[in-house]
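Trainee: Could you take me through how to read a structure, feature by feature, with the general idea placed before the particular case?
Mentor: Gladly; let us have the sequence and the structure in view.

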Amino acid sequence: MDIFNDFSIGLFALQAVILIVLLVLLKKFAWKPILASLEERETGIEDALKSAENARKEMQNLTADNERLAKEARAERDAMMKEAREIRENMIAEAKEDAKEVTASLIEKAQASIAQEKQAALAEIKKNVADLSIGIAESVIKKELSNKKDQLDLVEGILKDVTLN
Amino acid sequence: MNIAQKTTKFLTIAVIALFTTVNFALNSNENNQGEEDGGKVNTKSEITAYIQHHLADSHDFSLFSYTSSEGERKHFGFPLPVIVWTSKGLVTFMSSAFHHNDDGHVIVEKGGLKFAKIHSKIYELDSNAATVSFDESHHATNAHKVLDFSITKSVFGILLASLLIFLGFTKLAKQYKTKAIPTGLGRALEPLVLYVRDEIARPNIGEKKYRKFMPYLLTVFFFIWILNLMGLTPFGFNVTGQIAITVCLALFTLVVYISNGTKDFWMHTLWMPGVPKLLRPILAVLELAGFLLIKPFSLLVRLFANITAGHSVVMGIAALMILLKTQFGTVGATGISFALTLFLTVIEILVAFLQAFIFTMLSALFIGMAVEEHEHH
């Protein structure tokens, strides 16, 4: 096996020419379009993945927003209800207070009027007693001139009437 | 890489072992039958000659030959054109003119010149010679080699491989115009293209610059791989086992990385910074020798030796069928030889890919070294 005797310049030259031609042809008709398409496809896939990821994030944001909104709404509702309860309680308390005041004033008025009536009644009684006394005194004075005994009977009779009254 | 080296080592050792034994045997078997049995290959010396004949390039495409019942040698195949540059200019004729003779006995007269074929080389006879005469070491004394641009079996193989690669990949390229994901053959080819791009070019050359070298790397990868595989078919091409082919491929890589060397690369090669000034010229010589000689040489020898070794071993093991016939009988010898040859052929299919991969990988690595830009501190 004589390697260097085996070296054929002709084969070398033909190989070089064929390889150059093959390189040029393949570069133009095969490698460039193939590599370009592959890269295009890869960037396409990458972009698609990226947009999918973005969409996922957006969805996440949306759900987070929704949850936040719901929470806020719930809190608002709670606050409103609390306020309403407070208002109601206040109203009841105020009403009670008012009622107390009204009854108190009513009682006061009643007491005042009772006292007034009582005064009036007493005054009437006093007046009646005075009238009666005057009447009695009149009768006694009228009868005194006639009979002492009759006088006394009369007084007794009147007194009896008075007590009965 | 480790496996590759081991395989290479194993094959080299196997080949050396084979040739040593065959050469020992050659001395004892010399001249025992010769040509009387019509070119049958029976003895160790004939097997050696047959293997060497296969490993060399040839001027015709022969599939097989046999001796007919009338004792006539029949060759099955077709002739290829012989194109030679002679002392009188370009001469062409068909290789069938030599009648499959390979030892210089058939003289072809063409264009006023006489030609003989000796061990797959075309010789032009001196003007006054009628037959080729040999000296003791079997060198022709009255003829000289001519520049041979013939479409030899190897050139035919290169053309065939180029055509296959061109058709296959232009088909793939066309598919991308109509669909995003190729079908059929393209589906098988696309991962290979991606493999070369993502496993060979990108990591070795770098993300920024790999694109420029993709066409070269892809072409070389598929060229070597397809030719390696064609060498395993019964057509018996041995293209990547031709030293001229591997020299040519290695030179292409050399030209590619030398012509693309950056300023940084040349500075680090010729005037290494950060090293005492006295040492710089010595380093420059070493670096230059590395880039201009050692690296291309390692490329060309690795591919050549692996493929040659592979072909030799497979053929040698196949020849056990003949050599072991007396010890194991026809069936035994054929069985042993068949099993071993099958095993080795499977390994060779792996080696075919591996060597294409290693050649492309190292080319990419060397290109990567040349285009690298260093960070300046």
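This is a predicted model: local features need pLDDT of at least 70, side-chain atom pairs count only at pLDDT 80 or more; totals for chains, interfaces and linings use all residues.

Trainee: Where should I begin with chain B, and how many helices and strands does its secondary structure come to?
Mentor: The secondary structure of chain B comes to nine helices and nine strands, and buried residues make up 47% of its 377 residues. If you take the contacts in chain B between residues at least 6 apart in sequence, 57% of them join residues at least 24 apart. The accessible surface of this chain is about 19300 Å², with 66% of that belonging to carbon and sulfur atoms.

Trainee: How do I read a sheet, and in what order do the strands of the open sheet in chain B stand?
Mentor: The general idea is that strands of a sheet pair through backbone hydrogen bonds, in either a parallel or an antiparallel way. In chain B, four strands form an open sheet in the order β5-β6-β7-β8, and the pairing is antiparallel. Because β5 (108-110) and β8 (143-145) of chain B stand at the edges with a single partner strand each, one side of each is left without a neighbour in the sheet. On average, neighbouring strands of this sheet are turned by 35° against each other, direction ignored.

Trainee: Over how many bridges do β6 and β7 of chain B pair?
Mentor: Strand β6 (residues 113-118) and strand β7 (residues 121-125) of chain B pair over four bridges, in the antiparallel sense.

Trainee: How should I approach salt bridges, and what does the count come to over all chains?
Mentor: In general, side chains of opposite charge can pair when their charged atoms come close. Here the count comes to eleven salt bridges over all chains. One of interest joins R211(B) and E39(A), whose side chains meet at 3.0 Å, N to O. This pair crosses between chains, from helix α5 (residues 210-230) of chain B, which holds R211(B), to helix α2 (residues 9-143) of chain A, which holds E39(A).

Trainee: Which salt bridge could I study within one helix of chain B?
Mentor: Take R202(B) and D198(B), whose side chains meet in a salt bridge at 3.0 Å, N to O. Because the two residues are four apart in helix α4 (residues 185-205) of chain B, about one helical turn separates them. R202(B) is partly exposed, with a relative accessible area of 22%, and D198(B) counts as partly exposed at 29%. Salt bridges with shared partners join E42(A), R197(B), D198(B), R202(B) and E207(B) into one network.

Trainee: Which residues form the nonpolar patch on the surface?
Mentor: The patch is formed by L63(B), F64(B), Y66(B), F76(B) and F235(B), which together have about 500 Å² of accessible area. Strand β1 (residues 60-67) of chain B supplies the largest share of this patch, with three residues. F235(B), by contrast, lies in the loop between α5 and α6 (243-259) of chain B, and at 42% relative accessibility F235(B) counts as partly exposed.

How values were computed: Residues are numbered from 1 along each chain as its sequence is written. Chains are lettered from A and ligands numbered from 1 in the order in which they are written. Side-chain values use heavy atoms; hydrogens and water are left out. Two strands pair if DSSP finds at least two bridges between them. Axes are lines fitted to C-alpha atoms, for helices over the stretch in contact, and angles run from 0 to 180 degrees between N-to-C directions. Buried means under 20% relative accessible area, exposed over 50%, partly exposed in between (1.4 Å probe, protein chains only). Contact means heavy atoms within 4.5 Å. Accessible areas come from the Shrake-Rupley method with a 1.4 Å probe; for residues, only the protein chains shown count as cover. A salt bridge is a side-chain nitrogen of Lys or Arg within 4 Å of a carboxyl oxygen of Asp or Glu. Patches are made of residues with over 30% relative accessible area and no salt bridge: like charges are joined within 9 Å, nonpolar side chains (Val, Leu, Ile, Met, Phe, Trp, Tyr) within 5 Å.
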